[in-house]
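Here are my notes on the model, point by point. Please keep the structure open while reading.

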Amino acid sequence: VQLQASGGGLVQPGGSLRLSCAASGSIFSINAMGWYRQAPGKKRELVADITSGGATNYADSVKGRFTISRDNAKNTVYLQMNSLKPEDTAVYYCNAYINPVVGGPQYYWGQGTQVTVSS
């Protein structure tokens, strides 16, 4: 099982980016999926997560600007980021609690994608 994230890049303040993260491998089911970020010198923090039923949770710093969604048929989670600010600059990691075909459920992490907000 692996998670592959994509969609990061350089954007000006006020701009938008959409991150994607696809889970692949021998997957029986996926429970919660989410996005975390880690800025230089700071701890990794939760940005947003979403349950298999679609319930969402956001960090206060991104409420009203970011939207998390998922496509269960594609085992993919998305993060639409609007009104980006320089303080959103970080490496973004996707995370998922996955039940593999073999073995017990566990958390998996994607490889991280850099988001830089700068003029």
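1. Which hand does the link of cysteine 21 and cysteine 94 have? The link is right-handed, with 50° about the S-S bond. The model is predicted: local features need pLDDT of at least 70, side-chain atom pairs count only at pLDDT 80 or more, and totals for chains, interfaces and linings use all residues. Residues are numbered from 1 along each chain as its sequence is written, and side-chain values use heavy atoms, with hydrogens and water left out.

2. The disulfide. The structure holds one disulfide (a pair of cysteine sulfur atoms within 2.5 Å). Cysteine 21 is joined to cysteine 94, S to S 2.0 Å. Cysteine 21 lies in strand β3 and cysteine 94 in strand β9, so the pair ties together parts that are 73 residues apart in sequence. Strands here are DSSP runs (E, at least two residues), numbered from the N terminus. Cysteine 21 is buried, at 1% relative accessible area. Cysteine 94 is buried too, at 0%. The cut-offs are these: buried means under 20% relative accessible area, exposed over 50%, partly exposed in between (1.4 Å probe, protein chains only).

3. Alanine 23. This residue is also in β3, which spans residues 17-24. Alanine 23 is buried, with a relative accessible area of 8%. Leaving aside neighbours within four places in sequence, alanine 23 is in contact with Gln2, Leu3, Ile30, Asn75 and Ile98. Contact means heavy atoms within 4.5 Å. Take asparagine 75: 52 residues separate it from alanine 23 in sequence, yet the C-alpha to C-alpha distance is 5.4 Å.

4. Strand β9 and its partners. β9 covers residues 90-100. Nine of its 11 residues are buried. Two strands pair if DSSP finds at least two bridges between them. β4 and β9 pair in the antiparallel sense over nine bridges. In that pairing, methionine 33 stands opposite alanine 96 in β9. β9 also pairs with β11 (residues 113-117), antiparallel, over three bridges. There, alanine 90 stands opposite valine 115 in β11.

5. The β9-β10 hairpin. Four bridges join β9 to β10, and the two run antiparallel. Asparagine 95 faces tryptophan 109 in β10. Five residues lie between the two strands of the hairpin. Glycine 103 in the turn has a positive phi of about 100°.

6. Aromatic pairs. How many aromatic pairs does a search of the whole structure find? It finds two. Rings of Phe, Tyr and Trp (its six-membered ring) pair if their centres lie within 6.5 Å; planes under 30 degrees apart count as stacked, over 60 as edge-to-face and the rest as tilted. The rings of tyrosine 36 and tryptophan 109 have centres 5.0 Å apart and planes at 65°, so this pair is edge-to-face. Tyrosine 36 lies in β4 (residues 27-38) and tryptophan 109 in β10 (residues 106-109), so the pair ties together parts that are 73 residues apart in sequence. Tyrosine 36 is partly exposed at 23% relative accessibility. Tryptophan 109 is partly exposed at 39%.

7. The tilted pair. Tyrosine 97 and tyrosine 107 are 4.6 Å apart centre to centre, with 45° between the planes. Tyrosine 97 lies in β9 and tyrosine 107 in β10, so the pair ties together parts that are 10 residues apart in sequence. Tyrosine 97 counts as partly exposed, at 27% relative accessibility. Tyrosine 107 counts as exposed, at 54%.

8. Arginine 44 over two rings. A charge sits over a ring if NZ of Lys or CZ of Arg is within 6 Å of the ring centre and within 35 degrees of the ring normal. Arginine 44 lies over the face of tyrosine 93, at 3.7 Å from the ring centre. The charged end of arginine 44 also sits over the ring of tryptophan 109, 4.7 Å from its centre.

9. The core. The largest nonpolar core has 32 residues. Such a core is a set of buried Ala, Val, Leu, Ile, Met, Phe, Trp, Tyr and Cys residues joined through side-chain atoms within 4.5 Å. Trp35, Leu79, Met81 and Tyr92 have the most contacts inside it. Strands that each supply at least two residues of this core include β1 (2-6), β5 (45-50) and β8 (76-81). The largest share, five residues, comes from β9.
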